[in-house]
Amino acid sequence: MIRVEGVSKTFAGGFQALKNVDLGIRRGEIFALLGPNGAGKTTLISVICGLVNASAGRVLVDGHDNVHDYRAARQMIGLVPQELTNEAFTTVWDTVSFSRGLFGKPRDPAHIEKVLRALTLWEKRRNRQLELSGGMKRRVLIAKALAHEPQVLFLDEPTAGVDVELRREMWEVVRELRHQGVTIILTTHYIEEAEEMADRIGVIRRGEIVLVEEKEALMRKLGSKELTLHLHEPLDAVPESLAGHALALIDDGHALVYSYDAAGQEDGSSISGLLADLEAVGLRVKDLHTRQSSLEDIFVSLVRERA
Ligand SMILES: Nc1ncnc2c1ncn2[C@@H]1O[C@H](COP(=O)(O)OP(=O)(O)OP(=O)(O)O)[C@@H](O)[C@H]1O
């Protein structure tokens, strides 16, 4: 649906916010773009949407070059900005209808009604936006972005500052849109949001895409667990009879680390087998603890500054 090819962006002051970014977004997926503050998420979205000119590279939206074929590309895209940019004195209905007109689409009150109902804004359609809560204002921005029936929706930090209940509600709205065939790209600081929603996850750090992966694959990595067994007596080597288990000796032989895939071992049989084998060779365990790497760990290590 979207092809980003060799996109770089250097701002007027000389700061390079994007470095040779290549990225493909598949039709109908939810893609979460993660990255720390200032990594380049908003800049990348702005380049794709044609709001910021790339210094190099190109962007194709469903095959339309977003510079040479700007109108066609832009018409396919809806953008929900990070900042609340609502016009205070315009009613919900007017602002959403007007937004559709901006894209040269004919009036379609039935579509506007559908969008407002889906975002539970129907009751508020005659209200001026200054009369809305923050969460409602954010939903109005989503409604505006959907007014011209885009095939791709960008959500820049859609749930920043939104309470837990409303966040879940927004996730439902986004899932429903995907169900209707809309391709969704969201940026977020909430790892939980990416875990919950995304089909694929991309991580950007200092203007570079450092990882793009299926969420399921990432979750499997996430599922890797470690069991550390602290021994009463230190060992020189892992006993031969325990060779069948994925064990490593650490801490000068005072502890054994057992790595296992949590996803595949939910019944714990491999652990009970290991403990039985330890007993059989007469190893006594003083203490044990488990550790599970999280998406957050992976994320933190990916974005950490390299020395
Ligand atoms: N118009 C501009 N002129 C100069 N530098 C800019 C401009 N816009 C953004 N930048 C810089 O580009 C970098 C990336 O900014 P961007 O807003 O894309 O980050 P982000 O990943 O969206 O961050 P956040 O999570 O904080 O929203 C930052 O260092 C920012 O200061």
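Modeller: Two strands are said to pair if DSSP finds at least two bridges between them. Strands (E, at least two residues) and helices (H or I, at least four) are themselves DSSP runs, numbered from the N terminus. The model discussed here is predicted: local features need pLDDT of at least 70, side-chain atom pairs count only at pLDDT 80 or more, and totals for chains, interfaces and linings use all residues. Residue numbers start from 1 along each chain as its sequence is written.

Biologist: Which residue takes a positive phi in the hairpin of S1 and S2?

Modeller: Strand S1 (residues 2–10) and strand S2 (residues 16–25) run antiparallel and are joined by six bridges; Val4, for instance, has Leu23 in S2 as its bridge partner. Five residues lie between the strands of this hairpin. The one with a positive phi, near 105 degrees, is Gly14.

Biologist: With which other strand does S1 pair in the antiparallel sense over five bridges?

Modeller: The pairing includes Ser8, which stands opposite Ala56. The partner of S1 spans residues 56–61 and is strand S4.

Biologist: Which helix gives the largest share of the shell around the ligand?

Modeller: The residues around the ligand are Phe11, Gly13, Phe15, Ala17, Gly35, Asn37, Gly38, Ala39, Gly40, Lys41, Thr42 and Thr43. By class, four are nonpolar (Ala, Val, Leu, Ile, Met, Phe, Trp, Tyr, Cys or Pro), seven are polar (the others, Gly among them) and one is charged (Asp, Glu, Lys or Arg). The largest share, three residues, comes from residues 41–48, that is, from helix H1.

Biologist: Is strand S7 enclosed or open?

Modeller: A residue is buried if 20 or more other C-beta atoms lie within 10 Å of its own, exposed if 12 or fewer, and partly exposed in between, with C-beta atoms placed from the backbone. In a regular strand the side chains alternate between the two faces of the sheet. In S7, Val152, Phe154 and Asp156 on one side and Leu153 and Leu155 on the other are all buried. Because five of the five residues of S7 (residues 152–156) are buried, the strand is largely enclosed.

Biologist: Over how many bridges does S7 pair with strand S8?

Modeller: On pairing with strand S6 (residues 77–80), S7 runs parallel over four bridges, and Ile77 stands opposite Val152. With S8 (residues 183–188), Phe154 has Ile185 as its bridge partner. The pairing of S7 and S8 is also parallel, and its bridges number five.

Biologist: Is Glu87 buried or partly exposed?

Modeller: Glu87 lies in the loop between S6 and helix H3 (92–102). Not counting residues up to four places away in sequence, Glu87 touches Thr95 and Gln129, contact being C-beta atoms, placed from the backbone, within 7 Å. Because Glu87 has 13 C-beta neighbours inside 10 Å, this residue counts as partly exposed.

Biologist: How far apart do the C-alpha centres of domain 1 and domain 2 lie?

Modeller: An automatic or database domain assignment gives the bounds, and the chain is divided into domain 1 (2–220) and domain 2 (223–293). The distance between their C-alpha centres is 46 Å.

Conventions
Near = placed C-beta within 6 Å. Contact = placed C-beta atoms within 7 Å.
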